[in-house]
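Have the sequence and the 3D view ready, and let's take a walk through them together. We'll stop at a few spots and look at what the side chains are doing there.

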Amino acid sequence: MLPSLLLSLREGLEAALVIGIVLGAVRKFNRAQLSSIVWAGSLVAGAASVATALVLNFLGASLEGSSEMIFEGATFFLAAAVLTWMIFWMSRQSRTIKGELEAGVRRATSQSGKGGLFFLAFISVLREGVELALFLTASALATNLHQTIMGALLGLAGATLLGWALFSTTLRLDLQRFFQITGALLILFAAGLVASSVHEFIELGWVPSIVAHVWNLNSILSENSTVGQILKTLFGYNAQPSLTEALAYIAYFAAIGFGLRRAAASLSAMKAQAH
């Protein structure tokens, strides 16, 4: 439940912020009568995202044997890749997203009217929704569908409440810190997805295990214990991983650490040039 709650809270809040910024821009440009178009585009995007999640889960449930393992391995890997991209994208765009969305609203209302504004809201929310559909599918495969749905509903409810509070009250949330903390947790979650993907491909015989079990920690922290199950659900904990799984886990952290350092250096260089 916790991974789906965290993912839904983060993605839901991003979607809420996008909707709030677009609605604010519409009012700022004295086109408040177009607010219903923004809501229509957002709702259609939400419906499309739900349909995507249903199709993905139906496909996963309908497969058996090697086809099921291929689907699960590919879903885990794709979810980890998109999750990683999302973390890097937010770290780069968080400071400029408001200005870009407002510019998009200005273009949409001046050039293509209602259709352009509908499309802007639709695409902006659809990106978050499809990402969330993919993540929830991976979460459901790693845990179970019931826990995933419960976590998603709680996360979306929390995101809706936070979004409303941010735009309708005097609440001030440190969004940069919020995204930093959730980003760190999602990196751990993504690393677990990579290791789970490699595990499925080892089971298929596509990837060698090199060493079947590098260590066995079941006597210290069993996967079947309460803490073990929580860690497995959140971070892909495996008490007796193969060498390939362990290397994949370590390689992911090394790659994302290198990427984040380069992104930080690039941002510092841009700030220096601006001044």
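**Salt bridges, rings and a patch**

Let's start with charges: the count comes to 2 salt bridges, where a salt bridge is a side-chain nitrogen of Lys or Arg within 4 Å of a carboxyl oxygen of Asp or Glu. Before we visit them, keep in mind that this is a predicted model, in which local features need pLDDT of at least 70, side-chain atom pairs count only at pLDDT 80 or more, and totals for chains, interfaces and linings use all residues. Residues are numbered from 1 along each chain as its sequence is written, and side-chain values use heavy atoms, with hydrogens and water left out.

Helices here are DSSP runs (H or I, at least four residues), numbered from the N terminus. Both E14 and R10 are buried, and buried means under 20% relative accessible area, while exposed means over 50% and partly exposed is in between (1.4 Å probe, protein chains only).

For the other bridge, look at R127 and E128, whose side chains meet at 2.7 Å, N to O. R127 has a relative accessible area of 27%, so it is partly exposed. E128 is buried, because its relative accessible area is 3%.

Now for the rings. A search of the whole structure finds 4 aromatic pairs. One of them is F201 with W206, a stacked pair with 5.6 Å centre to centre and 15° between the planes. Rings of Phe, Tyr and Trp (its six-membered ring) pair if their centres lie within 6.5 Å, and planes under 30 degrees apart count as stacked, over 60 as edge-to-face and the rest as tilted. F201 counts as buried because its relative accessibility is 16%, whereas W206 is at 54% and therefore exposed. Elsewhere, Y249, Y252 and F253 form one aromatic cluster.

Last stop: the loop between α6 (175–204) and α7 (226–235), where you'll find W215. I210 is in the loop between α6 and α7 too, and I210 has a positive phi of about 65° although it is not a glycine. Along with V211, V214, L217, I220 and L247, they make a nonpolar surface patch of about 640 Å².

Conventions. Patch = residues over 30% accessible without salt bridge, like charges linked within 9 Å, V, L, I, M, F, W, Y side chains within 5 Å. Areas by Shrake-Rupley, 256 points an atom, 1.4 Å probe, with all protein chains shown as cover. Helix = DSSP H or I, 4+ residues; strand = E, 2+ residues; numbered from the N terminus.
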